Amino acid sequence: MIRVLGIETSCDETAASVVALDGGAAPEILSNVVLSQIEEHAAFGGVVPEIAARAHVEALDGIVEAALADSAVSLDEVDAIAATAGPGLVGGLIVGLMTAKAIAAAANKPLIAINHLEGHALTARLTDGLDFPYLLLLVSGGHTQIVAVRGVGDYQRWATTIDDALGEAFDKTAKMLGLPYPGGPNVEKAAATGDAGRFAFPRPMKGSAQPDFSFSGLKTAVRQAATAIAPLSDQDVADICASFQAAVADALGDRVGRALARFRQEFPDQAKPALVVAGGVAANRAIKATLEALCSQAGFAFVAPPQKLCTDNAAMIAWAGIERLRAGIADENTADFVPRSRW
Ligand code: KG4
Ligand code: ZN
């Protein structure tokens with residue numbers, strides 16, 4: 001039996017979780033406590049690093065206590081403490097990693113510093129027991145990447161954004177249209193009553209031989225359309241949102257389709273190829289539907305872990321700790337590890 005306490009503080013969620021793995025059985029999330037700071041940041045239209053760091057300081061001890069209490073596992077029974085050490089906002093990373101180090105030292109347990117992206121990358125093995133290799137599409141407020149997940153600690157980035165992250169494009173679009181933060185869910189809601197054919201927004205990078213994403217041109221097109229017809233009625237806003245979302249889904253589908261073909265070429269022995277989605281934007285139904293259709297056409301399984309485990313949480317960090325312990329590579333990043341805002 002392996003039990004790991006995970007801690008996540010890299011952005012605006014303060015989270016702690018205990019995950020257990022008993023031999024060949026399916027892993028078990030014994031607790032998963034997430035405190036979102038959305039309300040603290042909403043008034044500012046985005047995450048404010050100083051507010052985030054202070055909120056983590058205030059909340060983390062209680063969140064860790066709650067995660068241990070929920071799991072009915074004592075600190076003594078935990079095998080290791082895993083904490084996000086980057087990438088992310090440095091204030092939050094310092095709070096999380098220092099707290100984890102203090103707990104590890106006091107309880108005489110090993111500390112495992114985890115890369116946040118590794119947490120997202122390995123979640124599908126926690127929820128769906130996927131075998132390596134598989135393809136990951138990570139679309140959040142801070143990241144837009146396609147990664148070939150080949151093994152624990154063995155990740156190959158095939159595509160990234162050359163400008164804005166996709167969630168950021170949703171958030172900025174929402175802001176331009178006067179919709180509240182966080183923008184993604186509000187853009188999706190407005191799009192539901194809009195005409196996606198009204199504005200012919202660009203599909204950045206579509207058809208390009210380069211694998212990367214780009215969204216800033218699309219954002220500019222949205223701004224120009226909004227300025228041209230201001231003041232905006234509710235219907236205008238809905239139409240812009242629907243047209244924006246259609247452009248995003250189309251552009252994303254093109255980029256992902258390319259990656260699926262590459263995956264087939266590079267991993268011909270994987271009889272059950274899968275595309276995993278992670279990150280807050282993966283909640284978007286239009287995007288999900290596009291990706292699902294693409295996968296079914298290409299013969300890929302489409303794996304979307306439950307939303308609670310797709311967005312930032314500590315169960316994925318605890319799980320990454322278990323994966324590292326099991327793979328015998330947990331001692332690469334130990335207690336002398338310093339936070340890395342870029343990693
Ligand atoms: O993964 P996440 O919760 O946090 C990090 O960025 O790490 O992702 C948040 C992002 C925000 O940009 C938010 O606007 C976007 O995910 N998002 C959505 C939807 N729900 C959340 N974007 C589009 N459609 C949604 N339904
Ligand atoms: Zn994340």
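Let's start at the ligand in this predicted model: sorted by class, the residues in the shell around ligand 1 come to 6 nonpolar, 10 polar and 3 charged. That shell is made of 19 residues, and the closest ones are G141, G167, G184, G280 and N284.

Now step back to see how the chain is laid out. It's split into domain 1 (2–127 + 311–327) and domain 2 (134–304), and their C-alpha centres sit 27 Å apart. Where they touch, domain 1 puts in 15 residues and domain 2 puts in 20 residues. On the domain 1 side of that contact, α1 (38–42), α4 (116–127) and α11 (315–327) each supply at least two residues, with the largest share, 5 residues, coming from α4. By class, that side of domain 1 has 7 nonpolar, 6 polar and 2 charged residues.

What about the inside? In soluble globular proteins, nonpolar side chains tend to be buried together. Here, the largest nonpolar core has 110 residues, and I81, A82, A83, L136, V276 and A318 touch the most other members. Helix α8 (residues 234–266) gives the most to this core, 14 residues, and the core draws at least three residues from each of domain 1 and domain 2. Take a look at A318: leaving aside residues up to four places away in sequence, A318 touches V4, L5, G6, S17, V18, V19 and A82.

Technical notes. Residues numbered from 1 in each chain as written. Chains lettered and ligands numbered in written order. Predicted model: local features only at pLDDT ≥ 70, side-chain atom pairs only at ≥ 80, totals over all residues. Near = placed C-beta within 6 Å. Nonpolar A, V, L, I, M, F, W, Y, C, P; charged D, E, K, R; others polar. Core = buried A, V, L, I, M, F, W, Y, C linked by C-beta atoms within 7 Å. Buried ≥ 20, exposed ≤ 12 C-beta atoms within 10 Å, placed from the backbone. Helix = DSSP H or I, 4+ residues; strand = E, 2+ residues; numbered from the N terminus. Domains from an automatic or database assignment. Contact = placed C-beta atoms within 7 Å.
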